[in-house]
Amino acid sequence: MANYLVIVESPAKVKTIKKFLGSNYEVDASGGHVRDLPKSQLGFDAEHDYEPKYITIRGKGDVLAKLRKEVKKADKIYLATDPDREGEAISWHLMKALKLDEQKGKDVYRISFNEITKNAVKASFKTPRTLDMNLVNAQQTRRMLDRMVGYRISPLLWAKVKRGLSAGRVQSVALRMICDREDEINAFIPEEYWNLEADFLMKGSKKPLAARYYGSKDTKGGKATIRNKEELDRILKELEGCTYQVEEVKKGERIKKAPIPFTTSTLQQEASKALNFSTQKTMRLAQQLYEGVEVKGHGTLGLITYLRTDSTRIADEADAAARAYVEHTFGTDYVLKQEQAKHSAGKIQDAHEAIRPTDITLTPTMVKDSLQRDQFRLYQLIWKRFTASRMQPAVYMTTSVKVAAGNYLFTLAASKLSFDGFMSVYVQEDDKEAGNALLGKLETGDVLPLSELKQSQHFTQPPAHYTEASLVKAMEEQGIGRPSTYAPTITTILARRYVTKENKNLYMTELGEAVNGIMKKCFPSIVDLSFTANMELLLDKVADGTVKWKTIIENFYPDLDEAVATAEKTLESVKIADEVSGVICDVCGRNMVVKYGPHGKFLACPGFPDCKNTKPYLEKTGVACPKCGKDIVIKKTKKGRRYYGCENNPECDFMSWQKPSAERCPKCGSYMVEKGSKLLCSNEQCGYTQNIKEKQSND
């Protein structure tokens with residue numbers, strides 16, 4: 001009887017796959033990569049065609065020894081690593097480490113499957129293939145590029161800016177994106193605007209109809225903005241004594257299409273919004289659901305398809321099963337009549353499917369008792385999204401009303417769900433009815449009894465800080481990284497303390513700002529979004545065989561080498577020396593010095609190691625506290641976000657995210673803050689602003 005060896009990546013898959021195969025199949029795991037570039041050196045020779053040098057990863061000797069024994073006993077070997085570039089490369093490294101290409105009398109095949117189910121696994125054995133060296137070379141190229149950036153730039157940062165710093169080809173671009181957003185936020189100047197609403201109290205209703213100001217009757221291009229109190233007062237003056245009469249009633253229908261199935265990016269975004277999961281947590285749980293869990297009455301099952309994909313394609317068999325389920329459960333009217341438009345960010349990943357349940361009949365309710373709480377929540381999200389994607393759109397009946405008052409118009413709108421369609425399964429926060437039911441009873445010519453004109457002052461808001469979800473979305477839109485890199489990239493910049501996370505928002509730390517500043521100055525192409533996105537496209541071309549992988553390396557490394565050499569000279573002036581402070585060490589009496597550690601600046605005794613006393617470094621601003629008159633100092637939250645607070649804390653609780661100014665607002669008397677080139681009143685209801693240069697010239 002023939003003996004077959006199947007090698008997978010994860011030990012967690014072994015049990016799941018083993019039960020699908022006969023007793024003459026041995027299933028074992030490599031535990032991921034078995035070879036890599038050496039940690040102690042760059043790992044390739046630029047003088048000899050950039051040929052990479054691979055060594056066995058420490059700790060993998062026993063794994064390979066066991067696999068070699070299994071190889072000896074096997075007649076056929078199947079490399080069944082993950083169905084992507086990384087998986088293809090792992091199979092190639094196994095081929096080399098186990099010398100499978102030198103084995104005589106043994107057949108070696110590459111197989112892959114998008115889901116770990118009996119049908120998918122067995123089908124893969126019917127279509128074995130050889131290794132795809134284009135995919136392997138695409139992975140090799142990415143690995144070498146990442147190594148070049150990390151190993152050439154990180155030591156430079158370490159030497160010039162002190163300990164604990166590192167750079168990365170994708171992480172440094174992500175860091176720049178966060179820093180650029182913070183610069184936008186810090187430079188943003190709020191602009192005043194006013195809202196005006198007309199409340200009409202109708203018979204038989206305790207709740208008034210609220211109509212929003214639209215503009216004058218000759219307003220074109222959408223709703224007009226009331227920019228200040230003077231403009232508002234003029235409008236209110238002209239509205240005095242006016243009759244409010246319905247000028248137009250429009251009734252219609254609004255279609256809300258079902259969402260498309262999840263990709264890696266959209267799963268990470270939705271899991272963050274709906275479940276408050278980090279990208280790292282989402283991927284960890286998805287990996288568990290993909291590899292297989294014990295489901296009561298079914299044994300070990302892989303519950304979802306492969307989790308690293310940017311495709312929304314669905315296999316015909318899965319599509320048919322989903323439609324059949326929807327028809328049986330909800331009725332024919334709920335089945336999507338034609339398939340949603342397909343989208344893929346790249347040719348390579350479209351070989352995969354979207355993320356979906358492997359068996360739609362395994363509803364969340366059926367597997368709930370077999371899953372951990374967070375596994376269940378993620379599976380339920382994936383199951384609902386996929387099921388909804390095969391269902392009819394939801395239909396809303398809409399009513400929009402224009403109300404005339406003199407030369408001005410006010411508008412009202414309402415919507416009512418008339419057919420729930422996919423929303424019987426999958427409802428998001430914005431899927432809600434809006435407006436008052438009385439709106440549908442209004443007719444042209446009706447005079448509405450005015451109850452009150454409500455006015456409210458507002459100020460435009462700056463761009464939102466990135467969250468993990470919105471950063472993933474932005475990286476995908478800009479072409480930065482790929483599905484497999486989003487979570488590790490964010491995890492790295494958080495672990496390095498370049499960025500901190502508070503209430504989902506990502507903020508730059510002082511350390512992150514320092515590193516980003518150096519990268520922009522010395523390695524502008526590395527942190528250039530277009531350059532990095534173009535590199536991803538080149539990697540795709542390597543994967544489809546249209547670009548030679550060493551061509552990319554040959555063009556990239558000499559420029560990087562030159563930039564590093566230049567930076568080693570020009571960065572001399574950036575090196576941070578120990579600055580002597582006026583603070584006396586309360587242990588030994590020496591003047592403490594300012595040092596720069598992994599978490600930013602701190603005070604340390606120069607008598608180290610005899611005296612190990614350290615203190616927080618409180619940088620003075622030269623501005624008196626608006627509350628108590630003591631000095632304002634720069635402080636940090638526990639997670640590293642910078643803010644301005646009183647040195648007299650905890651007796652004085654003053655704090656501000658923007659730098660306070662010594663100036664007082666001439667309009668309301670509140671303290672001012674510096675924002676870009678302007679001084680802003682800290683009282684949001686005031687809204688006074690002044691150019692700093694204008695203020696200096698007046699002084």
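Leu-471 has a relative accessible area of 0%, so it counts as buried. The cut-offs are these: buried is under 20% relative accessible area, exposed is over 50%, and partly exposed lies in between, with a 1.4 Å probe and protein chains only. The model is a predicted one, in which local features need pLDDT of at least 70 and side-chain atom pairs need pLDDT 80 or more, while totals for chains, interfaces and linings use all residues. Numbering starts from 1 along each chain as its sequence is written, and side-chain values use heavy atoms, without hydrogens or water.

Leu-471 sits in helix 13. Helices here are DSSP runs of H or I with at least four residues, strands are runs of E with at least two, and both are numbered from the N terminus. Beyond residues up to four places away in sequence, Leu-471 touches Met-177, Ile-178, Tyr-466, Ile-490 and Leu-506. Contact means heavy atoms within 4.5 Å. Lys-250 is 221 residues from Leu-471 in sequence, and their C-alpha atoms are 40 Å apart.

## The chain as a whole

The protein chain holds 18 helices and 30 strands. Its C-alpha atoms fill a box of roughly 100 × 80 × 45 Å along the principal axes. Of its 699 residues, 49% are buried.

Take the contacts between residues at least 6 apart in sequence: 65% of them join residues at least 24 apart. The accessible surface is about 34400 Å², and carbon and sulfur atoms account for 48% of it. Areas come from the Shrake-Rupley method with a 1.4 Å probe; for residues, only the protein chains shown count as cover.

## Helix 8 against helix 13

Two packed helices are described by the angle between their axes and the distance between the axes. Helix 8 (residues 264–275) packs on helix 13 (residues 468–478) at about 160°, with the axes 8 Å apart. Helix 8 is therefore roughly antiparallel to helix 13. Axes are lines fitted to C-alpha atoms, for helices over the stretch in contact, and angles run from 0 to 180 degrees between N-to-C directions. Under 35 degrees counts as roughly parallel, over 145 as roughly antiparallel, 65 to 115 as roughly perpendicular, and the rest as oblique.

The crossing of helix 8 and helix 13 is left-handed. That term applies if the near helix is turned anticlockwise from the far one by less than a right angle; clockwise gives right-handed. Helix 8 contributes Ser-265, Gln-268, Gln-269 and Ser-272, which meet Ala-469, Val-472, Lys-473 and Glu-476 of helix 13. By class, this contact of helix 8 with helix 13 has 2 nonpolar, 4 polar and 2 charged residues. Nonpolar covers Ala, Val, Leu, Ile, Met, Phe, Trp, Tyr, Cys and Pro; charged covers Asp, Glu, Lys and Arg; the others, Gly among them, are polar.

## Helix 8 against helix 9

The axes of helix 8 and helix 9 (residues 279–291) come within 9 Å and cross at roughly 115°. This crossing is right-handed. Thr-264, Leu-267, Gln-268 and Ala-271 of helix 8 meet Thr-279, Thr-282 and Met-283 of helix 9. The contact of helix 8 with helix 9 has 3 nonpolar, 4 polar and no charged residues.

Ser-272 belongs to helix 8. Its relative accessibility is 7%, so Ser-272 counts as buried. His-352 is 80 residues from Ser-272 in sequence and 23 Å away, C-alpha to C-alpha.

Asn-114 lies in the loop between strand 8 (107–110) and helix 4 (118–126). At 15% relative accessibility, Asn-114 is buried.

## Backbone exceptions

Most residues other than glycine have a negative phi, and most peptide bonds are trans. Lys-99 is not a glycine, yet has a positive phi of about 55°. Lys-99 lies in the loop between helix 3 (85–97) and strand 8. It is partly exposed, at 48% relative accessible area. Asn-503, also not a glycine, has a positive phi of about 50°. Its loop runs between strand 17 (499–502) and strand 18 (505–508). Asn-503 is exposed, at 76% relative accessible area.

Phe-608 to Pro-609 is a cis peptide bond, with omega near 10°. Pro-609 is in the loop between strand 21 (600–604) and strand 22 (614–616). Asn-649 and Pro-650 are joined by a cis peptide bond with omega about 15°. Pro-650 is in the loop between strand 25 (642–646) and strand 26 (655–656).
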